[in-house]
Amino acid sequence: MAYKLENYLRTYRKRSALSQEEVAFLLGCKSGTKVSRYERHARKPNLETLFAYEMVFGTPARELFAGVFQKVEKKITSRAQLLTRNLSRATPTAMATRKLQILEAITSGSGIESDKKK
Amino acid sequence: MNRGTNRDTRILAIDPSTRGFGFAVLEGQQRLIDWGVKETKTDKNRRSLKLITALLEQYEPAVVVVEDYAGKGSRRCDRVGKLIKGISSLALKRKIRIKSVSRAKVKQAFSESGASNKYEIATAIADRFPELAPRLPRFRKPWMSEDYRMSIFDAVAFALVSHSSSGTAISNYRA
């Protein structure tokens, strides 16, 4: 798997031709200093700012913070595989079967929502 | 640490100029991550190397690309030659692969798409990466000095040509 940068905020901002001050204004920050810290990975934005970034750049958070998402994905997949092994050892019930289906969706990367569509 | 497969390899390309240097960071051939010109007024080489070190730390590229200043088509001065050597040393110290690309190779790679000079090559690059279009300098007349922004396009050109292992013609690089 390719190693991604922690975030691509600077990339998207430069593509948009917006300055740090302009992005700061859109995010509701007082100055471009905060934006600079986000771009240099010196600070992580809160949830509201994350959604604001999604709106400003029209890009999902998982792409804006591709490196962070990559790390989280790896951890969750590993935990889901462990949970799958544990559940598989237990007595099969309807509930356990459903859980295994969800875990399968998580480890395959398709997620719970795509499982709903089945 | 895996710095990327071939398809997504992160490349930092640097083109020294009179003002400092132009740079471009690409992931593969399709994705332009960062670009710009860094200016140094005095003690150019030392300050340039300091700025390049910061770029290496920020982007952790798998490959650094510079001009083959001893290659065909190069008319670089001694100072730039020393700077390029310094960049190579920096990369080697950090165990980053270094690639040199000559200007002649860049011209050859872009020639198949009909780009025969620097301006046409820069225009082809701006077509491929529209985010660079606002930085495209005006066509240079004989009495004009080279616009400092041209070093950004030179850096992108080096990166694109270096990524091709089989010398793929630049027509394949067009969007």
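On a 1 Å grid over the protein atoms alone, a pocket is an open set of points with protein on both sides within 12 Å along at least five of seven lines, a cavity is a set where a 1.4 Å probe fits but cannot get out, and lining residues have an atom within 4 Å of a point. The model is predicted, local features requiring pLDDT of at least 70 and side-chain atom pairs pLDDT 80 or more, while totals for chains, interfaces and linings use all residues. Residues are numbered from 1 along each chain as its sequence is written, chains are lettered from A and ligands numbered from 1 in the order in which they are written, and side-chain values use heavy atoms, with hydrogens and water left out.

The space in this second largest pocket amounts to about 280 Å³, a volume being the space filled by probe spheres set on grid points that are joined across faces, edges and corners. At least two lining residues each are supplied by helix 6 of chain A and helix 1 of chain B, where helices (H or I, at least four residues) and strands (E, at least two) are DSSP runs numbered from the N terminus. Helix 6 of chain A gives the most, with 5 residues. The lining divides into 4 nonpolar, 4 polar and 6 charged residues; Ala, Val, Leu, Ile, Met, Phe, Trp, Tyr, Cys and Pro count as nonpolar, Asp, Glu, Lys and Arg as charged, and the others, Gly among them, as polar.

The largest pocket has a volume of about 1100 Å³. Among the 38 residues that line this pocket, Arg103(B), Lys118(B), Arg140(B), Glu146(B) and Asp154(B) are the closest to its centre. Two or more lining residues come from each of strand 1 (10-16), helix 2 (78-93), helix 3, helix 4 (118-128) and helix 5 of chain B, with helix 5 of chain B giving the most, 5 residues. By class, the lining of the largest pocket comprises 15 nonpolar, 7 polar and 16 charged residues.

The count of cavities of 30 Å³ or more is 1. The largest cavity holds about 70 Å³ of space, and its lining consists of Leu5(A), Asn7(A), Tyr8(A), Leu9(A), Arg10(A), Thr11(A), Glu39(A), His41(A), Ile33(B), Gln58(B) and Tyr59(B). The elements giving two or more residues to this lining are helix 1 (9-16) of chain A and helix 1 (44-59) of chain B. The largest share, 3 residues, comes from helix 1 of chain A. In terms of class, 5 nonpolar, 4 polar and 2 charged residues line the largest cavity.

Packing between helices was also examined. In chain B, helix 3 (residues 103-111) and helix 5 (residues 150-163) pack at an angle of about 75°, with their axes 10 Å apart; axes are lines fitted to C-alpha atoms, for helices over the stretch in contact, and angles run from 0 to 180 degrees between N-to-C directions. Helix 3 of chain B and helix 5 of chain B are therefore roughly perpendicular, given that angles under 35 degrees count as roughly parallel, over 145 as roughly antiparallel, 65 to 115 as roughly perpendicular and the rest as oblique. Arg103(B), Lys105(B), Val106(B), Ala109(B) and Phe110(B) of helix 3 make the contact with Asp154(B), Ala157(B), Phe158(B), Leu160(B) and Val161(B) of helix 5, contact meaning heavy atoms within 4.5 Å. The residues of this contact are 7 nonpolar, no polar and 3 charged.

In chain A, helix 6 (residues 66-89) and helix 7 (residues 94-108) pack at about 155°, with their axes 9 Å apart. These two helices of chain A are therefore roughly antiparallel to each other. The contact involves Ile76(A), Thr77(A), Ala80(A), Gln81(A), Leu83(A), Thr84(A), Leu87(A) and Ser88(A) of helix 6 and Lys99(A), Leu100(A), Leu103(A), Ile106(A) and Thr107(A) of helix 7. This contact between helix 6 and helix 7 of chain A comprises 7 nonpolar, 5 polar and 1 charged residues.
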